[in-house]
Amino acid sequence: MKPTSRALAAALMAATAISAPLAARTIAVEPGDGAQERLQEALILAEPGDVVELGAGTFALTDGLSLDVDDVIVRGAGMDETVLDFTGQQGAGEGLLVTSDNVLLRDFALENPKGDGVKSKGADNIIYHRIRVTWTNGPDENNGAYGIYPVESTGVLVDGSKVSGASDAGIYVGQSDRITVRNSIVEANVAGIEIENSRNALVENNIATRNTGGILVFDLPNLPVMGGGNVIVRRNLVVANDTANFAPAGNIVASVRRGTGVLVMANENVLVEDNVFENNPTAHVMVIAYTQPFDDETYNPYARNVVIGTNAFGRGGDDPQFDGKDMLLAAFGGSLPPIMWDGISEMTDDPGLRVADGQAGWTLGLTEPGQDFAAARPAPLQAASPAADFDMAGIGAPVELEARLR
């Protein structure tokens, strides 16, 4: 071996010795005295490959926790057996903050965090599996904003989880790519599930009930990641989203109408199909443009290529939270058709919204974003049919994440 080759090999061996753990460990942490310090210490001392195992019982915590080590599993005994109780938390931070990649969080609960429940930021390939976040006092504007809150990440899988009481969204995924939210329950939040400024998201097989709005898909201006789209919302049960809006004033979701099933706003390439809707009193499905003033030149306020496929629509639209609702209800025979569109398209030759045959709707008949509601010309919806099969390629979390749950 030449001297230069020997030097290179030695450097590689040294690098390998530094980066690879000697052996994956299981670090057990039980509830009881000193739980705050013992659990945080375990999260700091964990090395890639380690499992931090939380025992059954209630961990009384007084401060938020953080994890900044890649390839770590944090595992409890079950979402009803292992509870991280933040009722006595000092400050307003999240319960748990994750800033590392390839992390698996599973089988534990967080109750009453002062801020968000679990936040992961810049944490690629993260899995939330059977995580429960609950504000036990029910809907309250003083509750934390988000229950499960991954942001600025590539590769997000939320599976089998449950959130209730969030003053913004139960499950919020923002400014991220390659996302799946499935098999989860969101109840009594302002928004049940929120996909914001994100691309390639699959929202399926969830139950959204007793929220103000069930499932929201939208873009906002002036965020670090723009241009959300390629979102599929399918096979969800969106039922009785009738909780009064309890978001703090000024929050964007404070404008969500009580009784909204699915809301699509200022997003592109969105498919809504095979869902079951029942008893959403304002609208089962609402498709609208962003209406507020903005100065972000990269922002597109229009809803584009939104496709409403075949869904099962039950009772709904019978107590809409609109001005002039009595007149609207009278005009439509006592309840509004299930699909509501503001009527606004980006281009005159692009319908913006396409609806499968047999799915009824109505339009406000507006022509541009921000137009006053007084200019509305309500009428039955005459939308174009879907032009082609929806392109589902590349939508959803990477398949590699599935293997980690087996």
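I began with burial: buried residues make up 53% of the 406 residues in the chain. Buried here means under 20% relative accessible area, exposed means over 50%, and partly exposed is in between, with a 1.4 Å probe and protein chains only. I note that this is a predicted model, where local features need pLDDT of at least 70 and side-chain atom pairs count only at pLDDT 80 or more, while totals for chains, interfaces and linings use all residues. Residues are numbered from 1 along each chain as its sequence is written, and side-chain values use heavy atoms, with hydrogens and water left out.

**Entry: overall form.** I looked up the extent of the chain. Its C-alpha atoms fill a box of roughly 80 × 55 × 40 Å along the principal axes. For secondary structure I found 4 helices and 32 strands. Helices (H or I, at least four residues) and strands (E, at least two) are DSSP runs, numbered from the N terminus.

Entry: I followed the bridges from one strand to the next; two strands pair if DSSP finds at least two bridges between them. β12 (residues 154-159) and β15 (residues 177-182) pair in the parallel sense over 5 bridges. Val158 has Val181 of β15 as its bridge partner. β15 is also joined by 5 bridges to β18 (residues 199-204), and these two run parallel. There Val181 has Val203 of β18 as its bridge partner.

Entry: Most residues other than glycine have a negative phi. I noted Gln175, with a positive phi near 55°, and Arg178, with a positive phi near 60°. Gln175 sits in the loop between β14 (169-174) and β15, while Arg178 belongs to strand β15. Gln175 counts as buried because its relative accessible area is 9%. Arg178 has 25% and so counts as partly exposed.

**Entry: two single residues.** Gly192 lies in strand β17 (residues 191-196). Its relative accessible area is 0%, so Gly192 is buried. From Gly192 to Thr209 I read 7.6 Å, C-alpha to C-alpha, for 17 residues in sequence. Ala384 is in the loop between β32 (379-380) and α4 (400-403). Ala384 counts as partly exposed because its relative accessibility is 29%. The C-alpha atoms of Ala384 and Val285 are separated by 16 Å, with the residues 99 apart along the chain.

**Entry: aromatic rings.** Rings of Phe, Tyr and Trp (its six-membered ring) pair if their centres lie within 6.5 Å; planes under 30 degrees apart count as stacked, over 60 as edge-to-face and the rest as tilted. I get 10 aromatic pairs by this rule. One of them is Phe322 with Trp362, edge-to-face at 6.1 Å centre to centre and 70° between the planes. This pair links distant parts of the chain, 40 residues apart: Phe322 is in the loop between β28 (312-313) and α3 (325-331), and Trp362 is in strand β31 (residues 361-363). Are Phe322 and Trp362 buried or exposed? Both are buried. Phe322, Phe332, Trp362 and Phe373 form one aromatic cluster.

Entry: On a 1 Å grid over the protein atoms alone, a cavity is a set of points where a 1.4 Å probe fits but cannot get out, and a pocket is an open set with protein on both sides within 12 Å along at least five of seven lines; lining residues have an atom within 4 Å of a point. Grid points are joined across faces, edges and corners, and a volume is the space filled by probe spheres set on the points.

The largest pocket has a volume of about 580 Å³. It is lined by 27 residues, and the closest to its centre are Ser255, Arg257, Ile288, Ala289 and Thr291. Elements giving two or more residues to this lining are β20 (213-218), β23 (260-265) and β26 (283-288). β23 gives the most, with 3 residues. By class I find 18 nonpolar, 6 polar and 3 charged residues in the pocket lining. Here Ala, Val, Leu, Ile, Met, Phe, Trp, Tyr, Cys and Pro count as nonpolar, Asp, Glu, Lys and Arg as charged, and the others, Gly among them, as polar.

I find 1 cavity of 30 Å³ or more. The largest cavity holds about 40 Å³ of space. Its lining is Leu39, Leu43, Leu54, Leu65, Val74, Leu84, Leu96 and Phe108. By class that lining has 8 nonpolar residues, no polar and no charged ones.
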